[in-house]
Amino acid sequence: MKPTTPTDNDHGDHAADHNADRDCVIAGGGPAGMVLGYLLARSGLSVTVLEKHADFFRDFRGDTIHPSTITLLGELGLRERFLRLPLNRLQAMDAVIDGLRMTMVDFRTLPAPDRFLVLAPQWDFLNFLAEEAAALPNFELRLRTEATGLIVEQGRVRGLRATTTTADAPATETDPATSTSTDIEIRATLTVAADGRTSALRDAAGLIPDESGVPIDVLWFSLPKPADPPPPTLAYLSPRGMVLTIDRGDRYQSGMVIRKGGAELLRAEGLPALRRRIVDAAPVLRQVVDTLTDWDQVKLLSVQLNRLDRWHRPGFIAIGDAAHAMSPMFGVGVNYAIQDAVALSNAIADHLAAGDAPSGVLAAVQRRRERPVRIMQRIQRAGHRVISRTTTGDRIAPRSVIRLMRLAGPVVRPLAARFIGIGLRPEHVTTPKREAEKKRARSLNLRRRDGRLS
């Protein structure tokens, strides 16, 4: 089905659709929600994904697609079509620390063929998934539809409530745009909160995340590349600050790490002071930083790190940022959310086909995904303590340690590539062929064991 934006006819003619039974309803059209919706619909299940915005176009979102996700796309037969999109492939990640350039991660050390990280605007990735899912007859995407609450009956979540907005008239020179809002209900065997770190459904389920203190925030902005750009560089770090430069073709998606809560003080100092701080930390941006002329070009990312103690209730589960907000460190948030979606689809699809979403299965998904999330968040917290030194005028490490890191590069780079690019517990799409291969392997192992025992 094509993405559905409510029309004027949705007020009454399609009332039955609003209460139609679905196997699964998903709040949030981000990476977790769209991947889960695609996977379940691909399994023949009826799925509705709700996205509160009219499209996917939001800047300064996670743009990194890691090798593990590209591998997943290959398992789904989508890899080559995805790689034909306008995107950048990054085989290695450099950083400049106290003026010393070093390669921190080398994806070329990973198994073929996915030996690179992709940088692509997230809206391109989500539009790609939406177009692929549109070919599946059981998939529905409702745009301009925001989940607001849960339908709970006899202690079990039976679906959700949402508000869908219909555009009545566009804005004119004299009048603002007008719209009509309609409250709807969608009943489903399983309701999934994939609606991000401010999840309304998570709150409605009474699930409260445990927050970890974070000492940093990030100011995001876009800058053109200088006339003679350096090799692709993830970040510049020194006692003068930390600036990110994520390659977007002819531009950088840039960010400056600041003290938590320090954005207002920077605003008070003015844009010229911000531009000076950017150049002090990343001199290579000197010739392009003057393109920052208005604070509207600068967006604050309030860095969060949290995790739910319990991700699920009967008939309900939270995944992605709704279950565990990740720091932007290592750019793994999108890929961990996608891993959640794959693990949930693998575990629940057969049960949904039988009309059930057992709580034990939802608990097993949490147990499977919680360990890699915990480990990564622990590492991110340690990383925050290191990079926060750039906001106080301190070195992230003594110069001798930085030189030692450079010498240790050949050993560290392959390990970092696996840790960042593949992850701690990579998920793979369950298919009949893969399951048959697993059964054959288990059978062979049993025969070998029995042979040894006899």
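Biologist: Is Phe125 buried or exposed?

Modeller: This is a predicted model, and the value is computed from it. The relative accessibility of Phe125 is 1%. Buried means under 20%, so Phe125 counts as buried.

Biologist: How do the rings of Phe82 and Phe125 pair?

Modeller: The centres of the two rings, Phe82 and Phe125, are 5.6 Å apart. Their planes meet at 75°, and planes over 60 degrees apart count as edge-to-face. The pair of Phe82 and Phe125 is therefore edge-to-face.

Biologist: Which parts of the chain does the pair of Phe82 and Phe125 tie together?

Modeller: The two residues are 43 positions apart in sequence. Phe82 belongs to residues 79-83, which form helix H4, and Phe125 to residues 122-134, which form helix H5. The pair therefore ties together helix H4 and helix H5.

Biologist: Which residue do ring pairs link with Phe82 and Phe125 into a cluster?

Modeller: Phe82 has 0% relative accessibility and therefore counts as buried. Ring pairs join Phe82 and Phe125 to a further member of the cluster.

Biologist: Which residue lies over the face of Phe116?

Modeller: A charge sits over a ring if, among other conditions, CZ of Arg is within 6 Å of the ring centre. For Phe116 the distance from the ring centre is 4.8 Å. The residue over its face is Arg89.

Biologist: How many aromatic pairs are there in the whole structure?

Modeller: The pair of Phe82 and Phe125 comes from the chain of 454 residues. A search of the whole structure gives the number of aromatic pairs as 4.

Technical notes. Residues numbered from 1 in each chain as written. Predicted model: local features only at pLDDT ≥ 70, side-chain atom pairs only at ≥ 80, totals over all residues. Heavy atoms only, no water. Buried < 20%, exposed > 50% of the residue type's maximum accessible area, 1.4 Å probe, protein only. Phe/Tyr/Trp six-rings, centres within 6.5 Å; stacked < 30°, edge-to-face > 60°. Helix = DSSP H or I, 4+ residues; strand = E, 2+ residues; numbered from the N terminus. Lys NZ or Arg CZ within 6 Å of the ring centre and 35° of its normal.
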